Each structure stands twice: as structure tokens, then as C-alpha cells.
Amino acid sequence: MTAAAPATLRAYRADLADFTHWAASTEVHDPAEVTRRTLRRYLADLSDRSLAPRTVARRASALRRYFGWLARTGRLAADPTLGLRAPRGTGRLPKVVHEEQLHQLLDQPPARAGLTDDQLADPLQRALHLRDQAVLEVLYGSGLRVSELCGLRQRDLDLLGRRVTVWGKGSKQRMVPLSEPSVAALAAWLDDGRPLMANADLGDVVFFNRAGSQLSPRDVRRLLDRRSVEPTHPHALRHTFATHLLDGGADLRSVQELLGHEDLATTQIYTHISKERLRDVFDRTHPRA
């Protein structure tokens, strides 16, 4: 079984803590006392709290994993989650960055990024600008998860071959192409920016924050807050990468490989986005739409 990502494990721990607290309030204090009826009552309570179906589905998944493990390891005689149903987490379609906003993010000169001439004369400020440009180009140009970008090492980069080795969820490795703008931005950052901010203790980590620590997903969100005129999450650039590939004629399997999705069904959500985009184009341009 593929190991869950650290963020998933944290979510599962929080979900199990919520269930434990709820169970204690109903005088259930031991896993052996939990029945399928107990679990159904808990899921019904979650729905009564107006939690989204996706959240309820994730909590049911956490319970299945936990009680399944208890049964497999002999700590329980039977798994009470067998046959347990929960609402499917439909969620919302991922947001795609529109063309004007994408241009504003990627192509703006330093002055439009909020840097004055005096600031650009400061080597640290210029280094930060080069870093920000490289981060944004790689997020959009290669569709990386923000955690994957933050974990990059210099040995993962092949600028001459225009590709990057990515370590994804469950420590799975994949090779992803780098766009020409990504290569140029990375080369500028590695040559002229990174040496000013690098922390020798962190070895060949690619990206650093202002304090000299490894760049974190929170740092990237702050970067986007500074650069974007609209509220934008780093994952939106990954969504945009996938949608633009499909709009350009890429097949679903190739996009699945590039994104590192284990299940093709996860990638198929982008086909819905592309259909919506096609409909929008039709409505705006066809004379009898």
C-alpha cells in the first residue's frame, strides 16, 4: 500500500481526534466498543454540522484506514467500517488562472512587481525577485505541487536537458519537462540570486526564504499574495498547467503522468474544466450562440 503524504497523515490525525472526542461524548471510550451503528451516527452528526460532503468522505476514509489497521493487526476481532458508506466528496472544480492574470504574474517587470529602482539596487531584493520569478515559472511551466517545488534539490535539475526530477506523494519519482522560461528563470536564480541567500547547512536545496531557511508552502502563498492582483492559491497554477495542456490537445494519460496522479480519475476533473472553457468560447464568439 502506498504511504500517505505527510499532509494527509496530519488530516487523518485531526479527523480521528474529532471522532475520539465525539465518541467519548456518547460514552464510547474503546475501539472495541465501536460498531457500524456508532460510525453511522457519527457521520450523520457531521452532516448535521453542515460539513461539506467532501469533508465527511475524508473523515470516513480516515476511520476506514484506522479500523482496518486495527483489524489487520489483531487489535480488533472485526472491522466495523466494512460496508460503511459516506457521501462522495464532489468538491468544486479547481480554479484556473485566467490569461490576463497569468501574464501579470509571469511577465511583469520588476517595477510592476513592486520594486523601486533603489530596491533593485539592493542585491538581496534583486535575489528575491529572481527567486520569485523562478518559483512562478516552475509552478506553472511544469505543474508541480507546491510541496514538490519547495523540496527541490539542485541535483534534481537538469537545465541542459530541460527537465526536473520530482519526488511526489508517497516518495514516487517522476520526470517532468521544464519550459524555456523556467530554465531561464532557474539559471538566473541559481547564478545570481541563490548564492546571496543560501544556507550551507541546507546543502543543495534550490529555494530559500528571506531568513535563509528552506522555502515553505506558506512562503509561496505569501509570494503570490504580493504578486497577484487577485487572490490566488499556488495550486491554481498547477490546475492551469493541466488545463492548458488539455486545451492544446494533450492526451489524458500524458497529463496524468506529468501531474503524478496515481488514479486517472483524479486527472479527469480537468476535462470538465476544458469543456467549460470551450463552452465559454462558444458563447462569446459564435454569432448564434
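**Ground rules.** I take helices (H or I, at least four residues) and strands (E, at least two) as DSSP runs, numbered from the N terminus. On that basis I get 12 helices and 3 strands in the chain. This is a predicted model, so to speak of local features I need pLDDT of at least 70, side-chain atom pairs count only at pLDDT 80 or more, and totals for chains, interfaces and linings use all residues. Residues are numbered from 1 along each chain as its sequence is written, and side-chain values use heavy atoms, with hydrogens and water left out.

**Confidence.** I looked up pLDDT, the predictor's confidence in each residue, from 0 to 100. The chain average is 84, and 84% of the residues score at least 70. Among the elements, the lowest mean, 66, belongs to helix H5 (residues 117-121), and the highest, 96, to S1.

**The sheet.** I count two strands as paired if DSSP finds at least two bridges between them. What is the strand order in the open sheet? I read S1-S2-S3, with antiparallel pairing. S1 and S3 are the edge strands with a single partner each, so one side of each has no neighbour in the sheet.

Strand S1 (residues 157-158) joins S2 (residues 163-167) through 2 bridges, and I find Asp158 opposite Arg163. Their hairpin has 4 residues between the strands, and Arg162 in the turn has a positive phi of about 55°.

S2 also pairs with S3 (residues 173-177), over 5 bridges. Here Arg163 faces Pro177, and Val166 has Arg174 as its bridge partner. The S2-S3 hairpin has 5 residues between its strands, with Gly170 at a positive phi near 70°.

**H1 on H3.** Two packed helices are described by the angle and the distance between their axes. My axes are lines fitted to C-alpha atoms, for helices over the stretch in contact, with angles from 0 to 180 degrees between N-to-C directions. For H1 (residues 6-25) and H3 (residues 53-72), the axes come within 9 Å and cross at roughly 90°. That makes H1 roughly perpendicular to H3 (65 to 115 degrees; under 35 is roughly parallel, over 145 roughly antiparallel, the rest oblique).

Contact means heavy atoms within 4.5 Å. On the H1 side I list Ala11, Tyr12, Asp15, Leu16, Asp18 and Phe19, and H3 contributes residues including Arg58, Leu63, Tyr66 and Phe67.

**Burial.** Buried means under 20% relative accessible area, exposed over 50%, partly exposed in between (1.4 Å probe, protein chains only). Of the 289 residues, 40% count as buried.

Is Thr38 buried or exposed? Thr38 sits in helix H2 (residues 36-48), and at 8% relative accessibility it counts as buried. Leaving aside neighbours within four places in sequence, I find Thr38 in contact with Trp22 and Glu33.

In H4 (residues 99-106) the buried residues are Gln101, Leu102, Gln104, Leu105 and Leu106. What covers them includes H6 (123-142), H9 (217-227) and H10 (234-247).

Among contacts between residues at least 6 apart in sequence, 60% join residues at least 24 apart.
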